[in-house]
Structures are given as structure tokens and as C-alpha cells.
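This report goes through a few local features of one protein model, residue by residue and element by element. Please keep the sequence and the coordinates at hand while reading.

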Amino acid sequence: RALSQRTALLNGAREMLGRGQPVWAMGLLREVDPAHRDDAWKRVVLGVLPEHPPYATLHGSSALNYAAFSPDGTRVATAAVDGVLRIFRADGTGEPVTIEAHRGSILHLAWSPDGTRVVTASDDRNARIFRADGSGAPVELSAHDGIVTAVAFNHDGRLVATASHDGTGRVFRADGSGRSTLLPGHEGEIARIEWSPDDRRLVTASNDGTARVFDAAAPARVVV
């Protein structure tokens with residue numbers, strides 16, 4: 001019965017919209033039981049409002065530098081100036097996972113391909129990998145002499161690339177084992193780093209006015 005009532009109310013709201021009566025349409029939409037306000041209901045609401053409101057508003061404790069959806073789109077990770085990493089449900093329901101991640105500001109973050117981990121970049125010169133559910137200890141990725149500006153998992157989640165104001169990129173094993181591999185050559189700060197789709201190369205972007213493409217198997221060799 002509740003579902004049939006929802007359908008009738010949605011149809012009525014659509015009819016009111018077609019007649020150019022958005023106020024009446026919104027009145028009908030408000031009558032829909034909150035438990036049945038699904039995507040169809042939201043689409044009609046967006047048709048009523050003159051400007052599209054946010055689907056959800058995710059509140060942090062300080063200014064945010066970055067936010068990213070999980071690979072399946074169900075969660076959002078936010079990077080905050082106060083060093084706190086938060087993992088929200090993308091629909092805004094429930095309480096976020098809150099992690100005191102860094103002593104400095106978090107500048108960038110990236111999800112692992114399977115959505116179980118998040119890697120963060122901070123102006124405290126470190127990158128760290130956290131489990132998205134907040135459990136366990138982080139994996140420390142520490143080798144840079146400057147602010148870490150960007151991070152990226154490769155496509156199987158076993159490696160993490162980092163970029164820094166020290167003018168270098170680095171590649172770490174995601175489990176924290178072994179030594180990092182250096183990506184040298186820039187004369188200025190590196191702002192971003194990305195893997196190629198096949199994970200065989202990395203590209204860096206720097207304020208020295210260049211982008212460099214590195215062979216992931218032999219990082220000292222610049223391809224371009």
C-alpha cells in the first residue's frame with residue numbers, strides 16, 4: 001500500500017509540474033514516506049527546484065582540500081586542513097569513519113582499486129595508507145624531504161606513487177616493505193603524479209614547466 005501511495009504521489013507531482021505548478025508538486029512530494037524517497041523521488045524533486053541542491057552535504061571539522069568517491073561510488077573520502085581523514089557514506093547517512101591521519105594538512109588522497117584503503121598526502125612530508133573502515137595501524141610512506149602533494153595507487157593496489165615539493169616522485173610498495181624507488185629529474189616542485197592504464201609508466205607534472213613520463217620498471221629512465 002505504501003508503495004502504491006508513493007507511485008500515486010509521484011505521478012501527481014509530475015502532473016503538477018507539467019501544468020507549471022511546482023509548489024503543488026512539492027507539496028505532493030513532501031507527502032511521500034521518507035522510507036520510500038528513492039532515486040525516482042529525487043529526480044522529481046530536482047525537476048521542481050530551480051537550482052539543483054546537493055545530493056548530500058558532508059560536514060568536516062575544518063576546511064577541505066580534496067574529496068574523492070570510492071571506486072564503487074558508495075563512499076566519499078575527504079582530506080582536511082586539520083589533518084583528519086573522514087570516510088562518509090555518499091548519501092550522507094550515518095556517521096563517518098574519522099581518522100586522525102596527519103599532524104599537518106592533508107593535501108590529496110586516493111582510494112585503492114578495491115576500495116578497502118585510502119592513501120593520503122600531507123604537508124607534514126609523509127604519505128600514509130589507512131584502512132577505509134578505520135581499523136588497524138596505517139602504513140607509513142616516508143622518504144620525501146618536502147611536502148607530499150599527490151598520491152596514486154597503481155591498478156592492482158600493490159604500489160603507491162607519491163609526488164613532492166622536493167622535486168621528486170617516489171614509488172612505494174603498498175604494504176610498506178622495502179625501499180622506495182626514486183623518480184628524479186624535475187627542477188621544481190611536483191604537483192601531480194599518475195599511473196598509465198597499464199601501470200608501465202608514470203607521469204609527473206611540475207611547476208618547472210614540464211611533465212615527465214617515467215618507465216615504471218626503470219624509473220631513472222625518462223621516457224619523455
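Is R86 buried or exposed? R86 is buried, with a relative accessible area of 12%, where buried means under 20% relative accessible area, exposed over 50%, and partly exposed in between, with a 1.4 Å probe and protein chains only.

## Basis of the model

This is a predicted model, in which local features need pLDDT of at least 70 and side-chain atom pairs count only at pLDDT 80 or more, while totals for chains, interfaces and linings use all residues. Residues are numbered from 1 along each chain as its sequence is written, and side-chain values use heavy atoms, with hydrogens and water left out.

## Surroundings of R86

R86 is placed in strand 3, residues 84-89; strands (E, at least two residues) and helices (H or I, at least four) are DSSP runs numbered from the N terminus. Leaving aside residues up to four places away in sequence, R86 touches H59, G60, S61, V76, A77, T78, P96, V97 and T98, contact meaning heavy atoms within 4.5 Å.

The side chain of R86 also makes a polar contact with the side chain of S61, at 3.3 Å. A polar contact is a pair of N or O atoms within 3.5 Å; within protein, one must be able to donate a hydrogen and the other to accept it, and residues adjacent in sequence count only if both atoms are side-chain atoms.

## Two sides of helix 2

In helix 2, which spans residues 22-30, A25, M26 and L29 are buried. These residues lie on the same side of helix 2 because they cover an arc of only 95° around the axis, the arc being that of the directions from the helix axis to the C-beta atoms. On the other side of helix 2, V23, W24 and R30 are exposed.

The C-alpha atom of M26 is separated by 33 Å from that of R86, and the two residues are 60 apart along the chain.

## S70 in its loop

S70 lies in the loop between strand 1 and strand 2 (75-80), and at 4% relative accessibility S70 counts as buried. The side chain of S70 makes a polar contact with the side chain of D72, at 2.7 Å. Beyond residues up to four places away in sequence, S70 touches R75 and W111.
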